[in-house]
Amino acid sequence: MHERSSSRGRRMSAGAGKIALSLGLCLCAGQLVSTPAAHAATPAPVVAQVATAKAAAKVKPTVRTSVSTRTLAWGAKVKVTARYLNPTNGKAVTSGYVRLQALRNGKWQNWASGKVNKNGAVALYGQPKVSGSLRMVYLGTSTFAPQVGGRLSVKVVASGAKVLAEAQKHTGALYLFGASGPSRFDCSGFTKYVYKKAAGKNLAHKANSQQSVGRSVSKGAKKAGDLIIFRNGSYGYHAAIYAGNGYMYDSPHTGARVSKRKMISTNYVVRRLV
């Protein structure tokens, strides 16, 4: 009995060894067969990396910007020009749109937009009215990345147009002797207020005294926004602001309102303050 049991045990051990060997070969064969199959599909992380690499391949153009003037009169327009180049080959970027923006109250406002031309350039116009910063923003394409140009500072100075615009604001205000704004005016009080507000000029509250401010201009050379002092002999008795084409803005007399009307006399002097 003991010998038969031992012989049977040896046969079972041999069989188990063959099974194990067989499984081992199958497993190895499975590894050999499955290894190429594992490389047939690209893992998701690799796909994401490829997509990221393609997105990062956009070229960021170089930009040169300029303004037609750094100092301009109120109401005038400024031209801002930008030229875009491909830094990899130095050639012009000939596609894409650009926006002209102005910094106002801490935020960039869109003013104008245009398309880059065949030379990689675009020129846009703005009317600042106050001193501040401008910039050009390239919006990008499928090939080129967006690009924000540097700040361009411009200084806006007072002009006859600004004086006239301020005078127009008060049309309809009632005359009041001795008043100098902001809702009631006499004649010299009106000119005093307007020039202070529009140009920072300090005028005396008397028409005769206002004859000496600014610089003298001939009647034939007067422009809108100039100060007009009507005289009786050489004494200045009434002040107004020239509006162009023989008209003026003034606060005439009790019962009247600030308005634009025809010049009242040919005896006057012209003073230019801006």
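Predicted model: local features only at pLDDT ≥ 70, side-chain atom pairs only at ≥ 80, totals over all residues.
**Asp-226 and its surroundings**

Leaving aside neighbours within four places in sequence, I found Asp-226 in contact with Tyr-195, Ala-240, Ile-241, Tyr-242, Val-270, Arg-271 and Arg-272. Asp-226 sits in the loop between strand 10 (215-217) and strand 11 (227-232). Is Asp-226 buried or exposed? Its relative accessibility is 3%, so I count Asp-226 as buried, the cut-off being under 20%.

**Strand 15**

Val-270, Arg-271 and Arg-272 are among the contacts of Asp-226, and strand 15 spans residues 268-272. I therefore asked how many residues of strand 15 are buried. The count is 5 of 5, so strand 15 is mostly covered. I then sorted them by direction. Tyr-268, Val-270 and Arg-272 point one way. Val-269 and Arg-271 point the other way. Both arginines, Arg-271 and Arg-272, are on the buried list.

Next came the pairing. Strand 10 pairs with strand 15 in the antiparallel sense, over 3 bridges. Here Ser-216 stands opposite Arg-271. Strand 11 also runs antiparallel to strand 15, joined by 4 bridges. Here I noted Ile-229 with Val-269 as its bridge partner.

**Helix 3**

Which residues of helix 3 (160-169) are buried? I listed Gly-160, Val-163, Leu-164, Glu-166 and Ala-167. Viewed down the helix axis, these buried residues fall within an arc of 160°, so they line one face of helix 3. I looked for what covers them. The cover includes helix 4 (187-199), strand 12 (235-244) and strand 13 (247-250).

The loop between helix 3 and helix 4 holds Pro-182. From Gly-181 to Pro-182 the bond is cis, with omega near 5°. Most peptide bonds are trans.

I traced an open sheet of 3 strands, in the order 1-3-6, with antiparallel pairing. Its edge strands are strand 1 (62-67) and strand 6 (121-126), each pairing on one side only. The twist averages 20° from one strand to the next. Between strand 3 (78-85) and strand 6 I noted 6 bridges. Lys-79 stands opposite Tyr-125 of strand 6.

**Ala-112**

Tyr-125 turned up again when I looked at Ala-112. Ala-112 belongs to strand 5 (107-115). Not counting residues up to four places away in sequence, Ala-112 touches Val-98, Arg-99, Leu-100, Leu-124 and Tyr-125. I also took the C-alpha to C-alpha distance from Ala-112 to Gly-126: 7.4 Å, across 14 residues in sequence. Ala-112 has 21% relative accessibility, so it counts as partly exposed.

Most residues other than glycine have a negative phi.

- With a relative accessible area of 82%, Asn-105 is exposed.
- With a relative accessible area of 36%, Lys-129 is partly exposed.

Notes:
Residues numbered from 1 in each chain as written. Heavy atoms only, no water. Helix = DSSP H or I, 4+ residues; strand = E, 2+ residues; numbered from the N terminus. Buried < 20%, exposed > 50% of the residue type's maximum accessible area, 1.4 Å probe, protein only. Contact = heavy atoms within 4.5 Å. Arc of directions from axis to C-beta. Pairing = 2+ DSSP bridges. Axes fitted to C-alpha atoms, helices over the stretch in contact; angles between N-to-C directions.
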